[in-house]
Amino acid sequence: MHRSRLAGFIIDCQTGDLEQAATFWSQALGMPRDLGADEGEDYQRLDARSTGLHIEVQKVSHPSRVHLDIETDDIEAEAARLEKLGAKRVAFIKRWWVMEAPTGQRFCVVRMKEPEVGARPTVWDDNGVAVG
């Protein structure tokens, strides 16, 4: 068995100025930038604690888009479950899978950071059926 849930949204920006992009999205969404977060030079986290979601602005080389992250306590099991639903693995990057839905949207399967904070994760049995 493993658990998973929607972690949040990543705003991919094909830009040379991540600072400006993060400021725009911060102001557009009414979420201050989380200046204490150490996300690396290609990421700026927004303070979305009130939503229970993780929202970041990310500097990318591909065209700008928004993608979602699904967080899980077992990345391999969750990727396999999603493959059974028709998703495809695109690339393993650092610690997560980039996947593609049957309808073409890209999303990531990432490690669950705080399972007891936020929405309760769905528990999946070994056949990919929700338990409880």
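Helices and strands here are DSSP runs, numbered from the N terminus. Keep that numbering in mind as you click through this predicted model.

**Stop 1: a loop residue**

Select Lys94. Lys94 sits in the loop between strand 5 (88–93) and strand 6 (96–100). Check its backbone: phi is positive, about 55°, although Lys94 is not a glycine. Is Lys94 buried or exposed? Lys94 is exposed, with a relative accessible area of 59%. That counts as exposed because the cut-off is over 50%.

**Stop 2: a nonpolar patch**

Now select Leu6, Phe9, Val66 and Leu68. These four form a nonpolar patch on the surface. Together they have about 310 Å² of accessible area. Which strands supply the patch? Strand 1 (2–13) and strand 4 (65–72) each give at least two of its residues. Click on Leu68, which is found in strand 4. Leu68 is partly exposed, at 30% relative accessible area.

**Stop 3: the largest pocket**

Turn to the largest pocket. About 1,100 Å³ of space lies in it. To find its centre, select Ile10, His54, Glu56, Asp69 and Lys113, the closest to that centre among the 43 lining residues. Next, colour the elements that give two or more residues to the lining: strand 1, strand 2 (43–46), strand 3 (54–59), strand 4, strand 5, strand 6 and strand 7 (106–111). Which strand gives the most? Strand 1 does, with 6 residues. Then colour the lining by residue type.

**Stop 4: salt bridges**

Side chains of opposite charge can pair when their charged atoms come close. How many salt bridges does the structure hold? There are 10 salt bridges. Visit three of them in turn.

Start with Asp73 and Arg3. Their closest N and O atoms are 2.9 Å apart. Asp73 lies in the loop between strand 4 and helix 2 (75–84), and Arg3 lies in strand 1, so this pair ties together parts that are 70 residues apart in sequence. Asp73 is partly exposed, at 31% relative accessibility. Arg3 is also partly exposed, with a relative accessible area of 25%.

Go on to Asp12 and Arg65. This salt bridge has its closest N and O atoms 3.7 Å apart. Asp12 belongs to strand 1 and Arg65 to strand 4, so the pair links parts that are 53 residues apart in sequence. Is Asp12 buried or exposed? Asp12 is buried, at 3% relative accessibility. It counts as buried because that cut-off is under 20%.

Finally, select Arg89 and Glu76. In this salt bridge the closest N and O atoms are 2.8 Å apart. Arg89 lies in strand 5 and Glu76 in helix 2, so the pair ties together parts that are 13 residues apart in sequence. Arg89 is partly exposed, at 23% relative accessible area. Glu76 is partly exposed too, at 46%.

**Last stop: a network**

Salt bridges that share partners join Arg3, Asp73 and Glu116 into one network.

Notes:
Residues numbered from 1 in each chain as written. Predicted model: local features only at pLDDT ≥ 70, side-chain atom pairs only at ≥ 80, totals over all residues. Heavy atoms only, no water. Helix = DSSP H or I, 4+ residues; strand = E, 2+ residues; numbered from the N terminus. Buried < 20%, exposed > 50% of the residue type's maximum accessible area, 1.4 Å probe, protein only. Patch = residues over 30% accessible without salt bridge, like charges linked within 9 Å, V, L, I, M, F, W, Y side chains within 5 Å. Areas by Shrake-Rupley, 256 points an atom, 1.4 Å probe, with all protein chains shown as cover. Salt bridge = Lys/Arg side-chain N within 4 Å of Asp/Glu carboxyl O. 1 Å grid on protein atoms, 1.4 Å probe; cavity = no way out; pocket = protein on both sides within 12 Å on 5 of 7 lines; lining within 4 Å. Points joined across faces, edges and corners; volume = space filled by probe spheres on them.
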